[in-house]
Amino acid sequence: MNTAIITSDTSTDHLTGMGHPEKPDRVSSVIKVLKRQKNLIWNKTKKFDESFLNITHSSNYVSEVKKSFPKKGLNFLDGDTIISPGSKNATVDAVGSIICAIDGIENNNFKNAFCAVRPPGHHAEKEKAMGFCIYNNVAVGTNYLIKKYKYKKIAIIDFDVHHGNGTQDIFYENEKVLYISIHQYPFYPGTGSENERGKYSNILNIPLPAGTSSKEYFDAYEDIIKKLKEFKPEFLMFSAGFDAHKDDPLAQFKLSSKDFYEITRRTLLTTQKFTNGKVVSILEGGYDLNAMAESANEHVNALLEFN
Ligand SMILES: [Zn+2]
């Protein structure tokens with residue numbers, strides 16, 4: 001058993017225009033660093049039954065998205081969510097990567113997996129693209145676990161520096177899903193106060209101010225550990241954004257690359273007895289190419305230790 005990296009050939013075909021921070025190089029730089037690792041299993045995204053998109057998003061939204069891809073040039077889904085002709089396959093393949101990761105774990109091909117794909121997903125709501133996100137990859141994967149594999153308790157840990165308003169929106173009234181987000185606040189997208197708790201206390205938001213240090217972050221992380229012990233998830237998902245890094249140009253947290261190893265290690269140490277080590281992680285944000293590649297590598301180092 002081992003850790004798998006799921007990639008898609010179409011991730012770099014999703015173009016967002018000159019100067020946009022969510023650029024194709026993000027995925028290439030992560031893959032380049034991970035290629036130096038031994039003991040990783042490399043898998044490509046596969047096709048999947050796209051009707052699974054309609055559990056997470058409305059069928060109206062999915063058909064509107066499918067019609068929106070331009071034949072040439074760029075199109076805007078919101079002020080900062082831009083799509084190109086190549087986005088048509090990239091968006092579906094980003095979802096496909098998480099489906100591929102889940103099937104691989106359920107078929108005992110590997111123990112856990114990291115999906116190095118784009119576009120990211122955690123800001124995409126049931127009926128709305130926003131914040132560089134079109135389909136909510138982690139949410140589609142979570143609903144796939146519930147529908148196809150009958151899981152009843154799934155925890156999503158979102159350590160991207162931005163609040164995952166989309167994932168929260170999708171699971172706000174779903175007692176099978178615990179959504180936990182630790183993020184800069186107040187900040188984009190404006191949601192994520194600690195008063196947003198979900199219908200079944202199944203949402204835990206840990207808002208922290210700009211300038212948060214590693215120590216302050218890990219002190220606050222104890223609340224996440226406590227909540228995970230209470231919930232006892234059968235399967236763990238990570239919305240893995242690396243923009244809480246001190247070098248990230250879009251946010252103001254002060255984490256080091258090594259801290260992403262520690263976040264992952266502490267989480268897996270707590271959950272592995274409940275999940276039997278079943279973990280799928282997917283790339284969200286992270287906009288300094290070196291910092292995010294190093295941090296993703298540290299995250300994968302911890303995944304490798306727990307299989
Ligand atoms: Zn982010």
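This is a predicted model: local features need pLDDT of at least 70, side-chain atom pairs count only at pLDDT 80 or more; totals for chains, interfaces and linings use all residues.
View 1. Cys133 itself counts as buried because its relative accessibility is 0%. With a relative accessibility of 7%, Cys100 counts as buried. A disulfide would be a covalent bond between two cysteine sulfur atoms. With the cut-off set at sulfur atoms within 2.5 Å, the disulfide count comes to zero.

**View 2. The whole sheet, strand by strand.** Eight strands make up an open sheet, paired in parallel and ordered S2-S1-S5-S10-S9-S6-S7-S8. At the edges are S2 (40–44) and S8 (203–208), each of which pairs on one side only. Ignoring direction, neighbouring strands in this sheet are turned by 15° against each other on average. Backbone hydrogen bonds are what pair the strands of a sheet, be it parallel or antiparallel.

**View 3. S1 and its two partners.** Have a look at S1 (3–7): five of its five residues are buried, so the strand is largely enclosed by the rest of the structure. Side chains in a regular strand alternate between the two faces of the sheet. Here Thr3, Ile5 and Thr7 point one way, Ala4 and Ile6 point the other way, and all are buried. S1 runs parallel to S2, joined to S2 by five bridges, and Thr3 has Leu40 of S2 as its bridge partner. S1 also pairs with S5 in the parallel sense, again over five bridges.

View 4. Together, S1, H1 and S2 form a β-α-β unit, and a right-handed one.

View 5. Asn2 belongs to the segment before S1. Its relative accessibility is 19%, which means that Asn2 counts as buried, the cut-off being under 20%. A polar atom of the Asn2 side chain lies 3.1 Å from the backbone oxygen of Asn39. Leaving out residues up to four places away in sequence, Asn2 touches Asn39, Ile41, Phe110, Lys111, Asn112, Leu304 and Asn307.

View 6. S10 is mostly covered, with five of its five residues buried. Val279, Ser281 and Leu283 point one way from the strand, Val280 and Ile282 point the other way, and all are buried. On one pairing, S5 and S10 run parallel over four bridges, with Cys115 standing opposite Ile282. On another, S9 (residues 235–240) runs parallel to S10 and is joined to S10 by five bridges. There, Ser239 is the residue opposite Ile282. From S9 the chain passes through helix H8 (residues 257–275) to reach S10, in a right-handed β-α-β crossover.

**View 7. Phe260 in helix H8.** Phe260 is one of the residues of H8, and at 0% relative accessibility Phe260 counts as buried. Setting aside neighbours within four places in sequence, Phe260 is in contact with Phe159, Gly241, Phe242, Ala244, His245, Leu255, Ser295 and His299. Phe260 and Ala302 are 42 residues apart in sequence, yet their C-alpha atoms are 8.7 Å apart in space.

**View 8. S6, S7 and helix H7.** Five bridges hold S6 (residues 154–158) and S7 (residues 177–184) in a parallel pairing. Within this pair, Ala155 stands opposite Leu178 of S7. H7 (residues 214–231) packs on the sheet here, touching S6, S7 and S8. The direction of H7 makes about 175° with that of S7.

Key. Residues are numbered from 1 along each chain as its sequence is written. Side-chain values use heavy atoms; hydrogens and water are left out. Two strands pair if DSSP finds at least two bridges between them. Helices (H or I, at least four residues) and strands (E, at least two) are DSSP runs, numbered from the N terminus. Axes are lines fitted to C-alpha atoms, for helices over the stretch in contact, and angles run from 0 to 180 degrees between N-to-C directions. Contact means heavy atoms within 4.5 Å. Buried means under 20% relative accessible area, exposed over 50%, partly exposed in between (1.4 Å probe, protein chains only). A polar contact is a pair of N or O atoms within 3.5 Å; within protein, one must be able to donate a hydrogen and the other to accept it, and residues adjacent in sequence count only if both atoms are side-chain atoms. A crossover is right-handed if, with the strands pointing away from the viewer, the path from the first strand over the helix to the second runs clockwise.
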